[in-house]
Amino acid sequence: MSDRREWPLFEVFVRSRRGLSHVHVGSLHAPDAAMALRNARDLYTRRQEGVSLWVVPAAAITASSPEEKDAFFDPAADKIYRHPTFYDVPEGVEHL
Amino acid sequence: MSTTDSRTRDTLATYVLSLADDALVSAQRMGEWIASAPQLEEDVALGNIALDLLGQARSLLTYAGSLTEPVLTEDDLAYWRDEREFRNVHLVERANGDFGVAVVRLLVLSTYLRELYARLTVSTDETLAPIAAKAVKEVDYHRDHATMWVLRLGDGTEESRARMQAALDAEWPYVAELFDGGYVDLALVEGGAAVDPAQLRPAFDRRISDVLAEATLRVPDVRPAVTGGRHGVHTEQMGYLLAEMQHLARSHPGASW
């Protein structure tokens, strides 16, 4: 019997309703993806939080590391021309 | 009220109470797994299943109580009946064993309930039909959950397979009682309000043997146990279960949150 600590970690994403994207809500352990999906249903959608679920093996996610934070994100701080703030917004345009 | 009406109400109440007690007692047993399952995730899964069963029990108890004279509440029926008045099968009252036993018992119970509730959705009884319509989706999920585990543990390691087969062999003598329709009044079945559980057996056997074959387990060839739950005759473990379930309500009658 495999040690229970060897159960892989899965990240869980829930779509709360149609039209929205899946949002990361947490993680859980499960022996495989099919069980992970069921565990996710029980842990994260028991109060009607969602209409769709994704589970992704945590090991399959490539993430930026905290050490790279400066090189990755700081250079964007002073590039104000990347923000569309230099346009006049015509009157009467909603949802901008 | 005419004698016929009153007799029908009595037999219907007995029938509904039998369904209710299966759900109530299995919910109580299942709840014992919370904080004892192999994983935190499984604690929650079994806890959810227990709560589904408790919800079914509450609806059914409330209905059964409405058919008695005088009318009884779900709490009257859950907390103030004694062992001999409970009508659940022995399968659901047996003490919890290892996780394999829990999985086998859940597979058996949910497969049976799935067939039962599916047929009760078209019951001529206007209260039973909607209760069954809600419950059938819940037990469908319970069956899926149990099937997942039976497949993984049955077709798993040598040890998990041996323990699953041992669990099956231990629980199987208690399967027959589920399908013994002696407690169901024939007039209720003919009137379309109730289901004769014996009719559920072929579908149950098909589904179970499919799952067990895929899990490389065999259907046990054992004699049925001597039971009597439908007539209020229970195992020793039932008394302990009721003591735990009822002591609070009996120690503080009428208490509320």
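**View 1. Buried residues of helix 1 in chain A.** Tucked in as buried (20 or more other C-beta atoms within 10 Å of a residue's own, C-beta atoms being placed from the backbone) are A:Met35, A:Ala36, A:Arg38, A:Asn39, A:Ala40, A:Asp42 and A:Tyr44 of helix 1. Helices here are DSSP runs of H or I with at least four residues, strands are E runs of at least two, and both are numbered from the N terminus. This is a predicted model, where local features need pLDDT of at least 70 and side-chain atom pairs count only at 80 or more, while totals for chains, interfaces and linings use all residues. Residues are numbered from 1 along each chain as its sequence is written, and chains are lettered from A in the order written.

**View 2. What covers those residues.** The cover includes strand 1 (9-15), strand 2 and strand 3 (52-57) of chain A, along with helix 2 (40-66) and helix 6 (128-154) of chain B.

**View 3. Where chain A meets chain B.** Here 13 residues of chain A are in contact (C-beta atoms within 7 Å) with 12 residues of chain B. Strand 2 (23-29) and helix 1 (33-44) each supply at least two residues of chain A's side, and helix 1 gives the most, with 6.

**View 4. The largest nonpolar core.** This core (buried Ala, Val, Leu, Ile, Met, Phe, Trp, Tyr and Cys joined through C-beta atoms within 7 Å) has 70 residues, and B:Val16, B:Ala20, B:Leu60 and B:Val103 have the most contacts inside it. Leaving out residues up to four places away in sequence, B:Val103 touches B:Ala146, B:Trp149, B:Val150 and B:Leu153.

Terms used. A residue is buried if 20 or more other C-beta atoms lie within 10 Å of its own, exposed if 12 or fewer, and partly exposed in between; C-beta atoms are placed from the backbone. Two residues are in contact if their C-beta atoms, placed from the backbone, lie within 7 Å.
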